[in-house]
Amino acid sequence: PQKVGNDAAYEYFKDGVLAVQNDKIIALGDAEWVIATLPKETVIEHLPDAIITAGFIDTHIHYPQTDMIGSYGEQLLTWLNTYTFPEEGKFFDKSHARDVADRFLKELLRNGTTTALVFGSVHKVSVEAFFEACEVDNLRMICGKVMMDRNAPDYLTDTPDTSYQESKELIETWHNKGRLHYAITPRFAPTSSDEQLQLAGKLLNEYPDVYMHTHLSENKDECAWVQELFPDSHNYLDVYDQHKLLSERSVFAHGIHLCDSEYHRLHKTGSAIAFCPTSNLFIGSGLFKLNKAEEHDVNVGLGTDVGGGTSFSMLQTINEAYKVIQLQNENLSPIKSLYLSTLGGARALRLEDKIGNLAVGTEADFVILDKKATPLLTSRLALSKNIEESLFILMTLGDDRAIQATYSAGQCVHKR
Ligand code: GUN
Ligand code: FE
C-alpha cells in the first residue's frame, strides 16, 4: 500500500495476522510465517468472519453539529442561519460541550473512525472540552476553535484579536499533546474579515506544523458571495492564498466549484481537499470532481461533514461517494475507496508515518469488519468472488453494524 490509490497498490492476506504490542503494530502478514516469529506466550484471537483494516480517517467533521444531523430542507447559507448557528450557540457552556463531545467520539468509534479533523465552535471551551474527551481513550484527533468575526449572530462571533489570542493559547496547551493536534480554523471566507484571515495566516506562520482547516467552494451562492466580499481576489481559493493560509497541513472541505488554477495552487502548496459526498448531496451543493483533483495531483481525503453530512459511517460515506462519481460517468473502485478512507486521509493529514496502512511500526489504530454483520451481508458476501468485491459489498451495504470492534493505540475502544 505504498503507492497512491491505484488498484494494484494494496496488500491482502487471506489468512493474515496483525500482531500488536502495547500501542504499535509489530508484525503483519500471512498467518503461517507471522505466527512463527511471535513469542510463544502471544495471545492469538481468531476472527474467521472478519476483515481487518486500518482505522478510518474522517478529514472533515463538525462535533458541535452532532445533535442537528438531518436538518430539513435548506441549502448552505440558509441551513447555516436556520439550524447551525443556533446549535453552535450552545457551546459556550463547557459541560454541554463535553456531553456532546463524549457522544460524538463514541459515535465515531462505533463507526470505525479512529482519527478525524474536527471543527469546534467559536468558543474556546468547546475545543478544551473536546480535547479532554479525546484524552480518555488516547485518540489521535485534530481540532480547532472556529474563527468568525462577521456575517453571523453576535452570540457566535469573536474578534480578530480574541480569535488570534485564544487560538494561540489552545495551540500552546494542546498541539502535539499526546496524540492531539491543533487546526487553525477560520470557518469560511464569508465569516472572517480581512484582518482576521491575516491573523490566521500570521498564526500559521508562527506555528508551521499546526493544521489549517476551513471550507472552500461548496455552494454556488456562497462562491458568488465570496467574490462580492473579496473583490480583489482572483477566485475563492485566492482569498485564503492572499492571507497565506495554504500549506502542507491545510485541508479545505468540499472544493466542488474550482477552476484549474485553484487545483494548481492546491497542488503546488501541498494542500488537501476533503471530499464530503453525503453532505454535498444532502445540502444540494454539487458533485465533487475527483478526476480533476487527481489530474492535478491534489491530495484528497474523505469527510462525513456531519451535521451537513448524514452519516458518521465512512462505509456509508464511501457508498455515497461511489454514486457521486457514477453521476459523472466514472467509477470509484473499492480499493481506491479504501485508500481514500485510510491511507489517503492519513496522507492528506501528513500522518502517514503514524496511521493509515497497518505498516509495522505504526500505531495500532484498526477496525474489525464483520462479514456476517447482517443477514443480507452474510448471504451477499457468500457469493463474492474476491476481496475487491467483498469490500465493495461491505461499503455499499455496511454501516456501524459492520464494525465488530475498533482499536485505538492498541486498545479496544469499541466492541459491538
Ligand atoms: N460552510 C461554512 N460553515 C459550514 C458548515 O458548518 N458546514 C458546511 N457544510 N459548510 C459550511
Ligand atoms: Fe463542514
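Hi everyone, let's start with a pair of helices: α5 and α6 are roughly parallel to each other, because angles under 35 degrees count that way. Helix α5 covers residues 160–174 and helix α6 residues 194–206, and they pack at about 20° with axes 9 Å apart. Here axes are lines fitted to C-alpha atoms over the stretch in contact, and angles run from 0 to 180 degrees between N-to-C directions. Helices are DSSP runs of H or I, at least four residues, and strands are E runs of at least two, numbered from the N terminus.

A quick word on the source. This is a predicted model, where local features need pLDDT of at least 70 and side-chain atom pairs count only at pLDDT 80 or more, while totals for chains, interfaces and linings use all residues. Residues are numbered from 1 along each chain as its sequence is written, with chains lettered from A and ligands numbered from 1 in written order.

So who makes the helix contact? On α5 we have P160, S163, Y164, S167 and K168, and on α6 E195, Q196, L199 and L203, with contact meaning C-beta atoms, placed from the backbone, within 7 Å.

Now to ligand 1. Around ligand 1 sit H62, L76, L80, T84, R187, F188, H215, E218, S279, D305 and G308, each with its C-beta atom, placed from the backbone, within 6 Å of the ligand. Helix α2, residues 76–88, gives the most to this shell, three residues.

Finally, the domains, whose bounds come from an automatic or database assignment: domain 1 is 16–54 + 359–415, and domain 2 is 56–348. Their contact takes 22 residues from each of domain 1 and domain 2. Thanks, everyone!

Note on methods: Contact = placed C-beta atoms within 7 Å. Parallel < 35°, antiparallel > 145°, perpendicular 65-115°, else oblique.
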